[in-house]
Structure formats: C-alpha cells, structure tokens
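Take a look at the structure below. The paragraphs that follow walk through it step by step.

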Amino acid sequence: MYTFDSRVRYSETDEKGLLSIAGIVDYFQDTSTFQSEDLGLGIEYLRKQDMLWVMSAWQIVIHEYPALGERITVGTFPYQFRSFMGMRNFFLDDAVGRRLVSANSIWTLMNMKKGTPARVTPEMEQRYVLEEKLPMEYAPRKIAVCEGGTRQESFTVGRQHLDGNHHVNNGQYIHMAMDYLPENFRVGQMRAEYKKSALLHDEIVPVVSGRQDLVTVSLCNEKEEPYAVIEFQQAAHLS
C-alpha cells in the first residue's frame, strides 16, 4: 500500500468549498504515479520498455467530500494483474482515518510501438505488492448508455487537455463531462469508461442522456463514436 498526506487546497475545491470530483481524480492519479516512481516502475521505466499504462475504467464512490483546508490521506494499491491488465484500488481518508472516498480502476498495459496490449513484466509482478481489494460494491466496467441523448455543441481539444503522452488526460474527460450536469447535482458515484484516446485538435461532441438522478455524458468524435463515457449518479445523502 502506498499513501501520502495532503491538505485540500483552494484551487482543488468547487463552488461549495469542497474537494471537487476532478480534484479527487487528480489526487488518485498522483498517488499511483508516486508509487510507481518510487518502485522504479514509473514514466522513465515505461518509456525504455516502449510501454504505457492506459486507463480503461474508473469507479469512484464518494461517502463524504472533504472541505477546504482539511487534512487528508490518499492511498492506493494494486490487487490483481491479468495478462496485460492491472486492477488498482484507491481511497481517501480524513485525519482520523474515516473513509471519505473509495475507488476502483482498471488499466491496460500497451506496447507503444506496436499499438497492442503488452504483458505485465516480471519487474512489475515482483515490485508491486498485491493486496486484498477494498470492500465496496463493484460496478461493471462497461457503461450502458440510454438512447436518445442530446447532442451538444462541439469543442476542440487544446494543449491544456493533454498529458505527457500527448493524449487527453483521463481526468480532463471528467472535467469536460461535469459541465453538463444539472445545477446542484451532488455526485455520489462517478464511473468512466475510456474507449480511445483523443489528441490535440480533435473535435469532441458531447452527447448527454439520462434522468434526474443519473446523467451520462458521451464524449464523442463527429460520428458520435465515443472517446469516453462518463456516468454521474446523484447521492441523496450528500448535501
């Protein structure tokens, strides 16, 4: 298990002064990156192997949002490798160890030269310590999208959306999708399914569907083929 301590910054909060969904995703991305770097399995290692971990799916369950200035502990651990796939849990706790956020993620290891999945290396299997998966209700990887979604105005991928691999960062898709939530929609669970990578200058067409307590945003190309599908479920217990 890998953890690091932090404090909720003003730049990470939403209009209610609580850590935003995008902020939670950023913390989780950072903690898995920190773990991999500390184990010698980070960006430079993957570059030398012509490999890249690509996010396939997120499931993030928010029990309570931490507030501005609150001290938090963010943690992660892998719990399974299967051929070219890796499964990893994340969590966010408050200063006394109460679980505020639980998450599951599914990743695919890719060979960058061939553009095909690559098997997990012996170094990865040796250095990553697999642990028991978190107790949570695990949702399917694939997200069902209701027919009859409403097509929104398209926009163009800019440099601010890209990560070090020159693809739209998986957290940026969530930033994009949140723009289409109804006012005062408090997210209790967020799921994301990533289908293909959007690149600089690609045109993104959002298609929004769902009901009052469940909103799905498909971020598509001009043929309405999705790059990513993001599902937001409202939680009555969160104010």
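Start with leucine 134. Beyond the residues up to four places away in sequence, leucine 134 touches Phe77, Asn89, Phe90, Phe91, Arg99, Ser102 and Ala103. The model is a predicted one. Leucine 134 sits in the loop between H3 and E7. Is it buried or exposed? Leucine 134 has a relative accessible area of 10%, so it is buried, the cut-off being under 20%. One of its contacts, serine 102, is 32 residues away along the chain, yet the two C-alpha atoms are separated by 7.8 Å.

Now turn to the nonpolar cores. In soluble globular proteins, nonpolar side chains tend to be buried together. Here the largest nonpolar core has 56 residues. The residues with the most contacts inside it are Phe28, Trp58, Ile60, Met124, Tyr173, Met190 and Ile230. Strand E2 (residues 51-62) gives this core its largest share, 6 residues. A second, separate core has 8 residues, including Phe77, Met85, Met87 and Leu134.

Setting aside neighbours within four places in sequence, isoleucine 60 is in contact with Ile24, Val25, Phe28, Val101, Ser102, Ala103, Gly188, Gln189 and Met190.

Next comes helix H1, residues 21-38. How far apart are its end C-alpha atoms? They are 26 Å apart. The buried residues of H1 are Ile21, Ala22, Gly23, Ile24, Val25, Tyr27, Phe28, Gln29, Thr31, Ser32, Gln35 and Ser36. Just after H1, glycine 40 takes a positive phi of about 75°.

Helix H4 covers residues 170-178. Of its 9 residues, 7 are buried, so H4 is largely enclosed by the rest of the structure. The buried ones are Asn170, Gly171, Gln172, Tyr173, Ile174, Met176 and Ala177. Asparagine 169 caps the N-terminal end of H4. A side-chain oxygen of asparagine 169 lies 2.8 Å from the backbone nitrogen of glycine 171.

Aromatic rings come next. The whole structure holds 9 aromatic pairs. In one of them, tyrosine 79 and tyrosine 138 have ring centres 6.5 Å apart and planes at 70°, so the pair is edge-to-face. Tyrosine 79 lies in strand E3 (residues 71-82), and tyrosine 138 lies in the loop between helix H3 (122-127) and strand E7 (150-151), so the pair ties together parts that are 59 residues apart in sequence. Tyrosine 79 counts as buried, at 13% relative accessibility. Tyrosine 138 counts as partly exposed, at 26%. Lysine 133 lies over the face of tyrosine 138, at 4.3 Å from the ring centre. Arginine 186 lies over the face of tyrosine 65, at 4.8 Å from the ring centre. Elsewhere, Phe4, Tyr27 and Phe34 form one aromatic cluster.

End with glutamate 193, in strand E9 (residues 187-194). Glutamate 193 has 3% relative accessibility and counts as buried. What does its side chain reach at 2.9 Å? The side chain of glutamate 193 reaches the backbone nitrogen of isoleucine 143. Not counting residues up to four places away in sequence, glutamate 193 touches Ser56, Arg141, Lys142, Ile143, Tyr227, Ala228 and Val229.

Terms used:
Residues are numbered from 1 along each chain as its sequence is written. This is a predicted model: local features need pLDDT of at least 70, side-chain atom pairs count only at pLDDT 80 or more; totals for chains, interfaces and linings use all residues. Side-chain values use heavy atoms; hydrogens and water are left out. Helices (H or I, at least four residues) and strands (E, at least two) are DSSP runs, numbered from the N terminus. The expected span of a helix is 1.5 Å times one less than its number of residues. Buried means under 20% relative accessible area, exposed over 50%, partly exposed in between (1.4 Å probe, protein chains only). A polar contact is a pair of N or O atoms within 3.5 Å; within protein, one must be able to donate a hydrogen and the other to accept it, and residues adjacent in sequence count only if both atoms are side-chain atoms. Contact means heavy atoms within 4.5 Å. Rings of Phe, Tyr and Trp (its six-membered ring) pair if their centres lie within 6.5 Å; planes under 30 degrees apart count as stacked, over 60 as edge-to-face and the rest as tilted. A charge sits over a ring if NZ of Lys or CZ of Arg is within 6 Å of the ring centre and within 35 degrees of the ring normal. A nonpolar core is a set of buried Ala, Val, Leu, Ile, Met, Phe, Trp, Tyr and Cys residues joined through side-chain atoms within 4.5 Å.
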